[in-house]
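Here are my notes for you, written as numbered points. Keep the picture open while you read, and check each point as you go.

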Amino acid sequence: GLVPLLPTAIGASDVNLLELANAYTVFYRGGTYIKPTLIKEVRDSGNEIIYKSEAQTEKRVLSQETSDKVLAMMRAVTKIGTSKISMRGIEQQVACKTGTSAGPRDVSIWCGPPEIFIGIRFGHDDYSIIELPEYMKKVSGDSGMLVSGGWVVAFLERLIFDRIYSQRQKIDFPPQVEEYTQLLTNRYQK
């Protein structure tokens, strides 16, 4: 469980990748929490169901308005924030949160369009510093560029979403999320 102290709000408690991804999906579900299910069902070779997980109950943990505002902040990250370069010109709308630890020793992105959510983390088991891959040095044109979630991991996430939505209908975030996003980008755009 989470440590019930104030520093937990800024990441002081350890959580695993599944817990963190599920926490972000609350915003995509309009403030509703659903316990994650890794296996929904298993079928045999005759297509008969041999295992089906129990239906999960939903629990409201945030208001719709709060969820929309957080999603708007995550949308702003793709326009004026840390993933704006990697997400520039993306056709499918996405909302993202990037992460880069000191060193950097750990980089991540938590991102998705309205219907899919993907979290990606790069790091070493021994917590050593991550070096910028050679291909990224070539792409950036700056061999001294530092590794960051918005640059290294967001680039990979962008490729995944471009591939998914090359053959899938694009979906927009609700109008209220886009209105909040526009307010943020107008206010904080450099």
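1. Let's start with the order of the pieces: read along the sequence, the pattern is α-β-β-β-β-α-α-β-β-β-α-α-α. That gives 6 helices and 7 strands. Helices (H or I, at least four residues) and strands (E, at least two) are DSSP runs, numbered from the N terminus.

2. A word on what you're looking at: this is a predicted model, where local features need pLDDT of at least 70, side-chain atom pairs count only at pLDDT 80 or more, and totals for chains, interfaces and linings use all residues. Residues are numbered from 1 along each chain as its sequence is written, and side-chain values use heavy atoms, with hydrogens and water left out.

3. Now the overall picture. The C-alpha trace spans about 55 × 45 × 40 Å along its principal axes. Of the 190 residues, 34% are buried; buried means under 20% relative accessible area, exposed over 50%, and partly exposed in between (1.4 Å probe, protein chains only). Take the contacts (heavy atoms within 4.5 Å) between residues at least 6 apart in sequence: 58% of them join residues at least 24 apart.

4. Have a look at helix α1, residues 17–28. At 1.5 Å a residue, its 12 residues should span 16 Å, and the end C-alpha atoms are 17 Å apart, which agrees. The expected span here is 1.5 Å times one less than the number of residues. After the helix comes G30, which has a positive phi near 70°.

5. Which residues of α1 are buried? They are A21, N22, Y24, T25, V26, F27 and Y28. These buried residues pack against β1 (32–34), α2, β5 (95–100) and β6 (106–112).

6. How do α1 and α2 cross? Their axes come within 7 Å and cross at roughly 110°, so α1 is roughly perpendicular to α2. The axes are lines fitted to C-alpha atoms, for helices over the stretch in contact, and angles run from 0 to 180 degrees between N-to-C directions. Angles under 35 degrees count as roughly parallel, over 145 as roughly antiparallel, 65 to 115 as roughly perpendicular and the rest as oblique. On the α1 side the contact is made by Y24, V26, F27 and Y28, and on the α2 side by S67, V70, L71 and M74. By class, this contact has 7 nonpolar, 1 polar and no charged residues. For the classes, Ala, Val, Leu, Ile, Met, Phe, Trp, Tyr, Cys and Pro count as nonpolar, Asp, Glu, Lys and Arg as charged, and the others, Gly among them, as polar.

7. Stay with α2 (residues 64–79) and find T78. T78 counts as buried, at 9% relative accessibility. Its side chain reaches the backbone oxygen of R75 at 2.6 Å. Not counting residues up to four places away in sequence, T78 touches S83, K84, M87, V94 and C96.

8. T98 sits in strand β5 and counts as buried, at 9% relative accessibility. The T98 side chain makes a polar contact with the T82 side chain (2.5 Å). A polar contact is a pair of N or O atoms within 3.5 Å; within protein, one must be able to donate a hydrogen and the other to accept it, and residues adjacent in sequence count only if both atoms are side-chain atoms. T57, in the loop between β3 and β4 (58–60), counts as exposed at 65% relative accessibility. T57 and I34 are 23 residues apart in sequence, yet 6.3 Å apart in space, C-alpha to C-alpha.

9. Y51 belongs to strand β3 and counts as partly exposed, at 42% relative accessibility. Leaving aside neighbours within four places in sequence, Y51 is in contact with I39, K40, E41 and V42. From Y51 to E41 is 10 residues in sequence and 5.3 Å in space, C-alpha to C-alpha.

10. Finally, two loop residues to check. N47, in the loop between β2 (41–43) and β3 (49–52), has a positive phi near 70° without being a glycine. Y127, in the loop between β7 (118–123) and α4 (134–140), is another residue other than glycine with a positive phi, near 60°. Y127 is partly exposed, with a relative accessible area of 46%.
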